[in-house]
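I opened my notebook and looked up a few things, one after another. Here is what I wrote down, in case you want to follow along.

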Number of protein chains: 4
Amino acid sequence: MIYFNCDYNEGAHQNVLDAISDTNMVQSAGYGHDEYCEKARRLICDLCKNQELYVQFLVGGTQTNLTLIASALRPHQGVLCAESGHINVHETGAIEGCGHKVLTLPSADGKITSRQVEKAYQLHVECDTPEHTVQPKMVYISNPTEVGTIYSKKELEDLASVCKKYGLYLYMDGARLGYGLMAKGNDLDLESIASLCDAFYIGGTKIGALFGEAIVISNPALKEDFRYIIKQKGGLLAKGRLLGIQFYELLKDGLYFQISEHADVMAEKIKDALQTMDYSFLVDSPTNQLFVVMPDEKIAELSHTYFFSYDHRVDEKNSCIRICTSWATKEENVERLIQDICKE
Amino acid sequence: MIYFNCDYNEGAHQNVLDAISDTNMVQSAGYGHDEYCEKARRLICDLCKNQELYVQFLVGGTQTNLTLIASALRPHQGVLCAESGHINVHETGAIEGCGHKVLTLPSADGKITSRQVEKAYQLHVECDTPEHTVQPKMVYISNPTEVGTIYSKKELEDLASVCKKYGLYLYMDGARLGYGLMAKGNDLDLESIASLCDAFYIGGTKIGALFGEAIVISNPALKEDFRYIIKQKGGLLAKGRLLGIQFYELLKDGLYFQISEHADVMAEKIKDALQTMDYSFLVDSPTNQLFVVMPDEKIAELSHTYFFSYDHRVDEKNSCIRICTSWATKEENVERLIQDICKE
Amino acid sequence: MIYFNCDYNEGAHQNVLDAISDTNMVQSAGYGHDEYCEKARRLICDLCKNQELYVQFLVGGTQTNLTLIASALRPHQGVLCAESGHINVHETGAIEGCGHKVLTLPSADGKITSRQVEKAYQLHVECDTPEHTVQPKMVYISNPTEVGTIYSKKELEDLASVCKKYGLYLYMDGARLGYGLMAKGNDLDLESIASLCDAFYIGGTKIGALFGEAIVISNPALKEDFRYIIKQKGGLLAKGRLLGIQFYELLKDGLYFQISEHADVMAEKIKDALQTMDYSFLVDSPTNQLFVVMPDEKIAELSHTYFFSYDHRVDEKNSCIRICTSWATKEENVERLIQDICKE
Amino acid sequence: MIYFNCDYNEGAHQNVLDAISDTNMVQSAGYGHDEYCEKARRLICDLCKNQELYVQFLVGGTQTNLTLIASALRPHQGVLCAESGHINVHETGAIEGCGHKVLTLPSADGKITSRQVEKAYQLHVECDTPEHTVQPKMVYISNPTEVGTIYSKKELEDLASVCKKYGLYLYMDGARLGYGLMAKGNDLDLESIASLCDAFYIGGTKIGALFGEAIVISNPALKEDFRYIIKQKGGLLAKGRLLGIQFYELLKDGLYFQISEHADVMAEKIKDALQTMDYSFLVDSPTNQLFVVMPDEKIAELSHTYFFSYDHRVDEKNSCIRICTSWATKEENVERLIQDICKE
């Protein structure tokens with residue numbers, strides 16, 4: 001079987017693994033108080049062109065989201081996000097588990113707009129009894145979104161502007177950030193993201209690391225005592241250096257971006273083939289995830305050789321599946337898939 | 001000003017107040033371990049025709065909802081309810097504050113159907129990774145609903161049946177239960193509710209008591225250690241007898257139902273007048289809350305004399321307001337309102 | 001049976017009940033947005049000689065404690081208190097239920113010292129890995145304490161000074177505050193407490209009200225959005241005016257202090273009798289609670305007529321019981337008890 | 001510098017690292033649904049001689065403890081443990097963060113006794129108002145304890161017996177389980193632990209793995225929906241196979257036990273040297289952690305070459321430090337340390 005179901009089917013990029021091996025028997029301090037994490041932190045500040053950023057490394061995405069949100073919000077505050085947002089649908093209520101309501105906004109393409117945020121905020125403060133409803137205090141977006149779409153710089157600026165106006169935190173889940181930043185048409189970069197968001201994370205698990213997410217905090221209010229919260233929520237890795245080593249390796253010479261681009265290019269090839277066959281898409285995704293509508297028969301045929309994620313039933317005869325490439329996707333497998341897609 | 005904005009503008013029915021006065025200097029045990037609570041418990045069991053029911057008294061509705069739900073659910077479990085459900089929109093995230101997601105279902109009339117519940121449950125268990133999403137474990141309904149509509153016996157039986165099939169708890173918020181049970185067209189009673197729901201509460205705050213809700217639990221799994229949870233969540237009233245005294249007084253001779261009926265009749269009079277004037281309603285409510293669409297001009301005119309709840313803007317010139325009667329509504333005020341409504 | 005087991009065996013002082021009756025059918029806004037609450041708030045500010053105080057009314061003590069603490073602390077922060085503190089032993093883990101550790105300090109007399117607080121704080125910040133331990137952020141005291149002792153002005157000033165030095169909040173649980181303020185030897189008053197504590201509450205449940213606690217917040221950081229937290233935790237009383245009416249009645253002419261003094265005087269009479277009989281006390285309490293060590297035989301004999309709280313076994317033949325007077329204690333019952341105590 | 005401060009200063013045992021490398025580009029299912037985890041699970045069942053055990057793999061110890069405890073307890077229930085227990089002092093209130101009180105028992109040697117547990121339980125149920133206090137429902141022990149001591153089979157049997165009697169769960173934190181099982185005088189093994197405890201974990205982070213803890217659940221009540229809780233608490237590793245690969249490698253040929261024994265032997269050598277020099281110990285530890293009291297001068301001298309953990313000040317001139325060996329400790333470093341200890 002060939003896996004196109006997600007972007008975490010393999011281990012790590014060989015360079016990352018080598019870096020872990022090379023340092024294996026070095027003795028170092030625990031919990032991220034080591035030189036590798038320190039180097040990786042400085043490198044991320046350099047890439048974001050802001051030496052005041054506060055950087056911590058965590059193991060996984062749900063952990064990162066819940067830790068940041070639990071750290072930022074008071075009990076009566078909630079987080080606005082798209083209905084399809086990862087924190088709303090794929091984290092088993094991790095945010096509610098920390099006591100906070102996820103306040104959903106409808107979205108056809110996985111994105112939310114500054115206008116939606118403004119309206120939600122105003123609806124809250126203008127109602128007769130605001131204290132009877134959850135106070136919106138944070139905006140959560142993911143880039144790319146759950147369905148592979150990306151925010152433009154203008155869209156992010158508008159969100160940041162509304163958030164600033166109403167005292168909301170803007171937080172970007174970057175589980176697949178590399179795939180977004182290397183996508184065709186993208187005009188965001190680490191620097192602009194770091195300056196527009198109060199916090200965001202650079203995803204490693206899905207882009208070349210064994211595991212790991214680098215959370216980057218620019219808002220001073222969100223830095224205070226953040227490591228206490230990491231520890232309390234179970235996210236402080238004893239051998240924290242494993243995270244520093246991986247991020248340093250991924251980011252020091254642009255490896256992170258090269259392998260991200262590879263995944264996007266592989267996805268584009270598949271997308272072209274699907275378009276040739278006149279299949280339609282849930283949304284137009286420029287990143288490594290394609291949500292395509294196909295006849296069940298065709299899906300069944302392809303499933304003899306390939307693993308996909310089943311997304312949802314469209315009608316009696318058609319379903320939407322997710323085809324996902326990654327840093328590790330082999331071109332030969334993509335070509336084989338394309339042949340099988342185009343086979344009548 | 002005359003208040004038609006809600007059903008808790010006055011204190012208590014005089015009989016209730018007299019009962020509190022008459023027993024004022026009697027010494028009794030605290031926390032509900034007194035003879036008044038005991039009598040009220042037995043009376044409720046009698047009215048529900050089930051001596052195995054477990055009855056506790058709490059002070060308010062949000063407190064009752066959060067206590068019952070926190071007691072019943074494990075951390076990964078959520079509660080299904082209508083988007084307009086009180087726990088979803090008017091309790092400042094009290095349920096999420098206890099760690100549980102509120103899983104919303106769309107509803108035009110404030111009610112949810114057994115089919116919706118079944119579909120939501122199946123969607124959960126049939127998805128690829130159920131453990132990544134919140135597990136539905138309880139169904140929350142209110143009767144009457146937030147918009148004044150009521151469940152029929154058949155609808156409740158269907159809900160109970162689906163809940164039983166899938167191991168879900170069925171819980172009814174009865175903040176205005178009396179108004180529902182005395183509504184035209186209602187075919188439910190305490191006995192049928194107690195036998196169909198795993199738990200429900202008989203609302204006192206909005207129907208003649210100074211404060212107080214009587215929670216009635218039939219499912220043995222929900223009885224265990226329930227008072228520990230009441231205490232932990234801050235709901236165990238030191239002078240618990242105040243709750244027992246009030247519920248005994250309200251229920252011993254049917255006062256609760258008489259005053260509920262009064263409110264429904266008053267609302268119906270107003271409804272008839274509104275219909276005469278061709279105003280339209282959000283839904284067709286047979287209980288003490290009317291959600292009526294009126295020109296802003298007319299609302300402004302009436303607002304010189306009456307308080308209503310503003311619900312939402314309908315279009316440029318019209319808004320929906322809530323007109324609410326109660327056990328304490330004076331007929332003369334209703335007649336005056338009707339005159340003013342009908343005044344051209 | 002005559003009850004000396006606690007100070008909430010009866011209803012309310014007659015004046016309080018009358019005030020509730022007199023206003024019963026007045027229509028007013030809900031949730032504390034009424035004129036009675038407003039008057040009571042202004043009166044409390046006057047009594048504390050500080051017009052900037054923020055005052056809210058809640059129903060019970062556990063509710064008040066958990067709401068204030070949940071509102072004030074971030075997830076990794078804990079509250080220092082005496083091992084015997086109410087929040088540590090008598091609230092079913094209400095504080096932990098809101099996510100916060102209670103950090104206990106040993107105490108023989110129910111009080112904690114500024115030196116203990118300082119040491120606990122320093123131990124935290126000076127340890128190798130502070131982020132692995134709970135951060136002390138609040139000091140909880142009760143006055144009178146659980147065993148009836150009271151803080152001197154000097155002791156409270158010292159606590160306040162250490163708290164200020166280290167950025168800790170100082171919070172006083174005043175469930176029995178009146179009994180403390182009227183005790184022999186007391187040199188605190190509402191003004192000094194309001195100026196030294198970041199927050200405290202004036203207990204009504206145990207001193208003449210049907211129920212109710214008035215929380216008084218002086219630290220601006222603790223005022224923000226406090227009502228949201230009250231609502232979320234289930235403590236926002238629909239007919240909030242009941243609380244305002246009661247506190248206004250209790251405080252407008254000093255009734256609160258007169259009836260508190262009565263309880264202290266009654267307790268002192270009993271204490272004198274017990275001393276005459278050479279019984280020993282757990283601590284020397286000047287307030288309405290006496291913890292006295294008695295032979296089990298004598299306890300059994302008295303228990304035919306009187307209810308006490310059993311506190312703990314002292315040795316094979318002796319136990320410590322709590323004898324509690326209140327605003328409602330009748331002098332004739334005290335005299336009868338004294339006779340029976342002194343009977344050989 | 002040579003590190004004797006803890007047992008997680010290096011990466012992983014070479015075999016473990018090789019196993020990760022060898023499988024790096026294999027594609028597999030995520031979240032522990034892979035063949036490596038499956039093999040490791042079966043192996044653990046074999047080693048425990050019980051095919052009904054439920055095994056899951058998590059990344060770290062605090063995460064494991066909080067996940068198991070949050071999954072097992074209802075809101076009003078707490079966990080009994082030694083005052084020095086890891087969950088009480090070194091997890092930033094992770095358990096309280098999940099809503100549960102840690103109920104501490106005094107302990108001089110890090111262990112608690114069945115008699116202490118029984119007494120604590122009885123104190124709870126026999127008090128006048130059990131529902132006002134936290135209900136003990138679980139007993140948490142660590143083996144070895146925080147100070148390196150171990151439980152005998154008899155002691156564990158007694159604890160299990162009391163837990164069974166009162167319906168308490170018995171849970172063993174095995175962060176350093178290997179070091180305990182290979183200690184001189186130990187008479188426990190995986191089989192007996194699995195049969196006596198409701199749940200325990202086999203620690204990997206501190207014994208040869210890059211990271212990872214294998215939680216083993218025997219009580220069916222604790223198995224249900226456990227993976228939902230892992231996910232909600234942020235502990236479900238996307239590339240879960242990394243955990244399965246490591247545990248399989250460590251356990252398949254006894255490597256885990258060999259390297260554990262090495263650490264114990266190294267510690268014993270140091271202990272012998274310390275005893276020769278007449279230094280005293282906090283407790284008599286047969287495992288890889290030694291808590292030794294030394295003159296500050298001597299500590300300062302050794303600290304030029306070695307890192308230790310400073311534990312606490314003993315008196316003006318002496319302190320207690322922790323010397324810790326591990327699976328990775330080099331014998332030459334131990335010998336050098338011994339020479340320096342014995343140097344006058």
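**Aromatic pairs**

I began with rings, and the count comes to 38 aromatic pairs over all chains. A pair here means rings of Phe, Tyr or Trp (its six-membered ring) with centres within 6.5 Å; planes under 30 degrees apart are stacked, over 60 edge-to-face, and the rest tilted.

I then looked up A:F211 and D:F211, an edge-to-face pair with 4.9 Å centre to centre and 75° between the planes. This pair crosses between chains: A:F211 is in the loop between β7 (199-203) and β8 (213-217) of chain A, and D:F211 is in the loop between β7 (199-203) and β8 (213-217) of chain D. I noted that helices (H or I, at least four residues) and strands (E, at least two) are DSSP runs, numbered from the N terminus. A:F211 is buried at 2% relative accessible area, and D:F211 is buried at 2% too. Buried means under 20%, exposed over 50%, and partly exposed in between, with a 1.4 Å probe and protein chains only.

Next came B:F4 and B:Y306, a tilted pair at 6.0 Å centre to centre and 45° between the planes. B:F4 lies in the loop between β1 (2-3) and α1 (14-22) of chain B and B:Y306 in strand β11 (residues 306-307), so the pair ties together parts 302 residues apart in sequence. I found both B:F4 and B:Y306 buried.

**How I read the model**

This is a predicted model, where local features need pLDDT of at least 70 and side-chain atom pairs count only at pLDDT 80 or more, while totals for chains, interfaces and linings use all residues. Residues are numbered from 1 along each chain as its sequence is written, chains are lettered from A and ligands numbered from 1 in the order in which they are written, and side-chain values use heavy atoms, leaving out hydrogens and water.

**A sheet in chain B**

I traced an open, antiparallel sheet of 4 strands in the order β9-β10-β13-β12; strands pair if DSSP finds at least two bridges between them. β9 (280-281) and β12 (309-313) stand at the edges with a single partner strand each, so one side of each has no neighbour in the sheet.

Which bond joins A:N143 and A:P144? I found a cis peptide bond, with omega about -5°. A:P144 sits in the loop between β5 (135-142) and α7 (153-166) of chain A.

I also checked A:K49, which has a positive phi of about 55° although it is not a glycine. A:K49 counts as exposed, at 61% relative accessibility.
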